Amino acid sequence: MIGYTTGVFDMFHVGHLNIIKRAKEQCDYLIVGVSTDELCISYKGKAPVIPFEERKSILEAIKYVDKVVAQYDRDKYDAWKKLKFDLLFVGDDWKDSTFFNSLEEQFSKENVKIVYFPYTPSVSSSKIRERYLKHNNPDN
């Protein structure tokens, strides 16, 4: 079975590692899509702290990852057409969203299963960034 997950993976942390490890436990071959800097800017309005090539290199060094690909857009169905994965791993904060309900319907016709992992709100790149800024700018 081929699995696929995507993310920005900025300021790589244990939450990222846990998602990748859990995904690899459920498939034989794991492909990880990494959002390009341009994609992040287009939907988050800001660039990642760690540049794309460095984030890609970090993921390529992780033993659970079999292949890393650039994610130029957020179209998971288009990614499936190119990569032909069997399982898509995403955080459960997407569950029951309009976007993923539609995607589940599309993927059910292709025998692709979406696996939702529990989202860990206490660990995120945004929270790491906030702690860093607070620590380095105590006046704020």
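## Strands β4 and β5

Strand β4 (residues 87-91) and β5 run parallel and are joined by five bridges; strands count as paired when DSSP finds at least two bridges between them. Strands here are DSSP E runs of at least two residues, and helices are H or I runs of at least four, numbered from the N terminus. Within this pairing, Val90 has Tyr116 of β5 as its bridge partner.

This is a predicted model, where local features need pLDDT of at least 70 and side-chain atom pairs count only at pLDDT 80 or more, while totals for chains, interfaces and linings use all residues. Residues are numbered from 1 along each chain as its sequence is written, and side-chain values use heavy atoms, with hydrogens and water left out.

As for β5 (residues 113-117), four of its five residues are buried, so the strand is largely enclosed by the rest of the structure. Buried is under 20% relative accessible area, exposed is over 50%, and partly exposed is in between (1.4 Å probe, protein chains only).

## The nonpolar cores

A nonpolar core is a set of buried Ala, Val, Leu, Ile, Met, Phe, Trp, Tyr and Cys residues joined through side-chain atoms within 4.5 Å. The largest one has 17 residues, and Ile20, Leu30, Val32, Val34, Leu59 and Phe89 touch the most other members. At least two residues each come from α1, β2 (29-35), α3 (52-60), β4 and β5, with β2 giving the largest share, three residues. Another core, of 16 residues, lies apart from this one and includes Leu83, Phe85, Leu88 and Leu103.

## His13

His13 sits in the loop between β1 (2-7) and α1 (14-25). This histidine is buried, with a relative accessible area of 10%. A polar atom of the His13 side chain lies 3.1 Å from the backbone nitrogen of Gly15.

## The whole chain

The protein has six helices and five strands, in the order β-α-β-α-α-β-α-β-α-β-α along the sequence. Of its 140 residues, 40% count as buried. Among contacts between residues at least 6 apart in sequence, 76% join residues at least 24 apart.

Terms used
Polar contact = N/O pair within 3.5 Å; in protein donor to acceptor, adjacent residues only side chain to side chain. Contact = heavy atoms within 4.5 Å.
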